[in-house]
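Dear colleague,

Please find below the structure that I am handing over to you. A summary of the findings follows it.

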Amino acid sequence: KKIRNYLLSNKMSLFKSVKVINSGKAILLSRKYKTPLRYHSTWLRDNALDSKTRDKKNGQRLISISDIPVKTYIKSASLNKKGKEIIINFLPKKKQVKFSSSWLESHAYDKKQNNLKVWIDPDLKTWTKTSLKRVPIINYKTAKSNKKLFIRWLKSLNYYGFAKMTRCEKKSGTVIKIAKLFGYVRETNYGKWFDVKSKTNAVNLAYTNLGLQAHTDNPYRDPVPTIQILHCLKSSTKGGDSKVVDGFSAAIKLKNEKPKFFELLSKYCARFEFKEDNGTHLKSRRPMIELSPDGEIIAIRFNNRSTAPITDVPYKDMNNYYRAYRKFSDIINKDSMSINFKLNPGECFLVDNTRVLHSRTSYSGTGSRWLQGCYVDKDGLLSTISTLESKR
Ligand code: NM2
Ligand code: OGA
Ligand code: ZN
């Protein structure tokens with residue numbers, strides 16, 4: 001109990017000792033009440049924080065891997081400042097480096113192997129209709145004036161891959177103003193922003209009044225746009241209702257119910273394509289469920305309208321691949337998976353387009369419906385969250 005209380009009350013550990021191990025090829029840092037941590041000599045040398053290794057102004061690394069001798073080893077290591085600092089002496093290239101113990105701890109890699117084969121970033125929260133209790137929502141004015149609420153909302157957008165904004169202006173181009181609150185617009189062949197309206201001779205089915213099955217945008221693009229904003233200017237038609245579905249949640253459900261199907265959709269590349277007469281011809285070859293090399297679900301690509309003939313699944317697996325595709329679609333279309341709403345003028349919603357799918361029902365010819373959309377890069381969103389948080 002004493003140990004538990006200690007661990008709960010102290011974010012930082014007490015560092016007990018540091019030992020050179022493995023003939024100088026590594027150190028072992030012992031901590032009170034916690035497992036020890038090991039670090040290799042080359043790793044330590046590469047990550048030194050002194051001004052000859054890292055530029056004082058911008059923090060960028062000044063040395064390259066070839067500047068570090070292959071035979072780099074640790075001659076000695078000791079704790080300093082009551083365990084708060086570690087001093088390391090390297091050879092054969094003589095060099096002394098100091099690390100703060102807490103820095104080493106927060107950059108530890110000597111962890112228990114993650115035995116989960118498939119996993120999702122623990123900083124994200126997957127959801128379904130019933131588990132997403134409250135849609136992250138903010139009004140435009142608050143987003144501009146209240147840092148604390150704005151950061152919370154941005155974090156939720158990343159956490160759930162979905163958020164709404166209300167009381168935006170009902171003026172053309174507002175979607176860009178919204179984008180610029182946190183990031184940079186990604187211009188594409190559709191423009192910096194685009195009108196989603198029913199048109200004759202539409203270059204894209206999004207520009208008709210047809211319903212659109214839940215999809216991620218632009219899977220034919222490489223890289224895909226990562227955040228999408230859709231802002232409503234007019235909505236007096238019947239229909240045109242919106243839906244969003246967490247694709248990561250759908251992928252996990254598929255894996256639980258049909259692990260073989262999950263494997264097929266993540267192992268084989270699908271193909272996506274989009275062609276327009278104005279000189280646009282986009283093609284990509286990527287799986288519908290993309291995993292990182294160590295099994296993290298990193299992206300969903302799902303778009304019936306733009307899936308090209310799939311030619312990278314061998315004959316023996318194609319039948320099952322289509323069964324898997326159908327099953328994934330069934331899961332995505334389930335009522336229990338989606339949040340349904342109608343977007344009103346002045347409102348917009350944002351999705352992480354690498355993860356959350358969106359859809360609309362078909363709508364009537366009477367009345368008018370006008371949305372404007374744009375794409376924003378997610379790295380900028382994450383960067384904004386990170387810098388706003390560290391400023392606070
Ligand atoms: N628009 C709205 O990915 C898609 O083709 C969906 C995208 C045309 C930019 C529609
Ligand atoms: C789109 C889209 C949804 C809508 O333009 O990509 O999915 O509600 N539109 O019109
Ligand atoms: Zn779309």
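This is a predicted model: local features need pLDDT of at least 70, side-chain atom pairs count only at pLDDT 80 or more; totals for chains, interfaces and linings use all residues.

Residues are numbered from 1 along each chain as its sequence is written, chains are lettered from A and ligands numbered from 1 in the order in which they are written, and side-chain values use heavy atoms, with hydrogens and water left out.

The mean pLDDT (the predictor's confidence in each residue, from 0 to 100) is 96 for the protein, and 97% of the residues score at least 70.

The zinc ion (ligand 3) has His215 (NE2), Asp217 (OD) and His358 (NE2) as its protein donors, at 2.0 to 2.1 Å. Donors are N, O and S atoms within 2.8 Å of the metal (3.2 Å for Na, K and Ca); water is not among the atoms, so sites may look incomplete. Along the chain, the spacing of these donors is H-x1-D-x140-H.

An oxygen atom of ligand 2 lies 3.0 Å from a side-chain N or O atom of His215; for Asp217 the distance to a ligand 2 oxygen is 3.1 Å, and for His358 it is 3.0 Å. Of the 290 Å² of accessible area (Shrake-Rupley method, 1.4 Å probe) that ligand 2 has on its own, the protein covers 96%.

Yours sincerely

Note on methods. A polar contact is a pair of N or O atoms within 3.5 Å; within protein, one must be able to donate a hydrogen and the other to accept it, and residues adjacent in sequence count only if both atoms are side-chain atoms.
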